[in-house]
Amino acid sequence: MSVEMPLWRAISYFRLLALAYALLRYFNSYLQFDHPVSGWIYFGALVIWTLATTRAFADPERCTWPVLGVDLTFAVFGIVMSGIIDDPARVHAGVPTLPTIWAAGSVLGFAGKGGWKPAVFAGAVVGAANIFGHGGITPDNIHNIVLLLVAGGAIGHVIELARASEAVLTRALQVEAATRERERLSRDIHDGVLQVLALVHRQEGDAAELGRLAGEQERALRALMAGGPLPERPDGPTDLRRLVTPHADERVTVSAPATPVLLPAGAAGELAAAVAAALDNVRRHAGDGARAWILIEDEPDAVTVSIRDDGPGFPAGRLAEAEQDGRLGVSQSIRGRLLDLGGTAELYSVPGEGTEVELRVPRPRKGSHD
């Protein structure tokens with residue numbers, strides 16, 4: 001919902017309450033008017049108009065400039081008519097006009113539609129009607145006009161600020177969403193390209209397999225450059241074990257619960273990709289001879305995956321240096337994925353004692369959807 005919608009609803013409610021107030025005042029004093037029937041005819045038209053435009057004044061799309069123009073005409077006509085049908089002595093004594101504070105609703109409508117400048121214009125028109133049609137330049141009239149101009153201008157300025165803030169917020173959210181999507185696509189391609197290069201480096205795949213993988217990465221890269229979508233993961237819960245246990249071999253040990261570790265498909269896929277990225281880091285930095293252990297823990301409120309290796313480890317500050325040099329494997333393929341899932345990725349390492357990566361993903365609350 002737009003941030004200005006509550007203000008429009010308040011204007012709509014104000015017009016209804018102001019109409020009831022004006023009717024009550026006229027009911028209590030109509031016998032003192034020189035032409036009371038004319039006043040009742042005016043109020044009949046005012047009631048019909050106010051009720052007919054209640055929805056319009058609650059929505060900036062429906063409240064068009066012609067609607068506001070007719071509304072202002074009703075206010076001005078009622079003010080001028082007050083000076084004609086009321087007793088002259090009462091008019092000079094400063095009694096309220098027929099619409100009384102209902103006229104302020106027109107000024108507020110102009111403020112909501114166009115900001116403080118149209119509000120000041122509408123307030124000036126209402127003020128001129130009071131001066132030339134009902135009592136002239138009197139302290140009461142001047143006081144009411146100043147209040148109307150200040151209130152209309154202030155509300156118009158607030159609405160302008162609200163619109164500007166909403167536009168800035170919308171743009172920021174769009175940039176954030178585009179950046180997050182770009183990072184997600186970059187992670188997918190980053191992982192795929194690394195896998196192909198690792199396979200070529202180890203020379204363990206035949207030519208057909210290398211050609212298939214190279215073709216997949218070509219299509220992924222073209223999709224990223226063209227802004228096209230990459231293949232989506234299936235919906236529904238997925239057993240994380242099924243995605244992680246294929247990494248087990250003579251150098252990688254996977255320990256998992258005996259029962260399925262279910263996560264939403266998107267979360268399971270991202271977590272498994274982060275595990276694959278962590279194992280790739282082990283092969284690249286600790287060597288093909290390094291051993292690694294993967295532990296999957298299924299907890300009531302979260303799923304934790306730990307990847308530990310017996311490599312050389314690294315000193316404190318190495319990750320920050322890697323990010324500054326543009327090597328974003330850990331920050332994007334591991335931490336970036338977990339951040340998008342609302343989880344955490346912690347890395348612990350001491351030179352000579354290997355490295356441990358702990359990935360933790362919270363379970364969605366009951367009633368939420370992937």
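Predicted model: local features only at pLDDT ≥ 70, side-chain atom pairs only at ≥ 80, totals over all residues.
**Entry 1: the pocket**

I looked up the second largest pocket and got a volume of about 640 Å³. How many residues line the second largest pocket? I found 30 of them, and Thr97, Thr100, Ile101, Asn130 and Asn144 lie nearest the centre.

Next I wanted to know where the lining comes from. H1 (5-29), H4 (88-92), H5 (102-114), H6 (116-133) and H7 (139-202) each supply at least two residues. Which helix gives the most to this lining? That is H7, with nine residues.

Then I sorted the lining by class: 17 residues are nonpolar, eleven are polar and two are charged.

**Entry 2: H1 and H2**

I moved on to how two helices sit together. A pair of packed helices is described by the angle between their axes and the distance between the axes. The crossing of H1 past H2 is left-handed.

Which residues meet here? From H1 I noted Arg15, Leu16, Leu19, Ala22, Leu23, Tyr26 and Phe27. On the H2 side they meet Pro36, Gly39, Trp40, Phe43, Leu46, Val47, Trp49, Thr50 and Leu51. Sorted by class, this contact has 13 nonpolar residues, two polar and one charged.

Note on methods. Residues numbered from 1 in each chain as written. Heavy atoms only, no water. 1 Å grid on protein atoms, 1.4 Å probe; cavity = no way out; pocket = protein on both sides within 12 Å on 5 of 7 lines; lining within 4 Å. Points joined across faces, edges and corners; volume = space filled by probe spheres on them. Helix = DSSP H or I, 4+ residues; strand = E, 2+ residues; numbered from the N terminus. Nonpolar A, V, L, I, M, F, W, Y, C, P; charged D, E, K, R; others polar. Left-handed = near helix turned anticlockwise from the far one by under 90°. Contact = heavy atoms within 4.5 Å.
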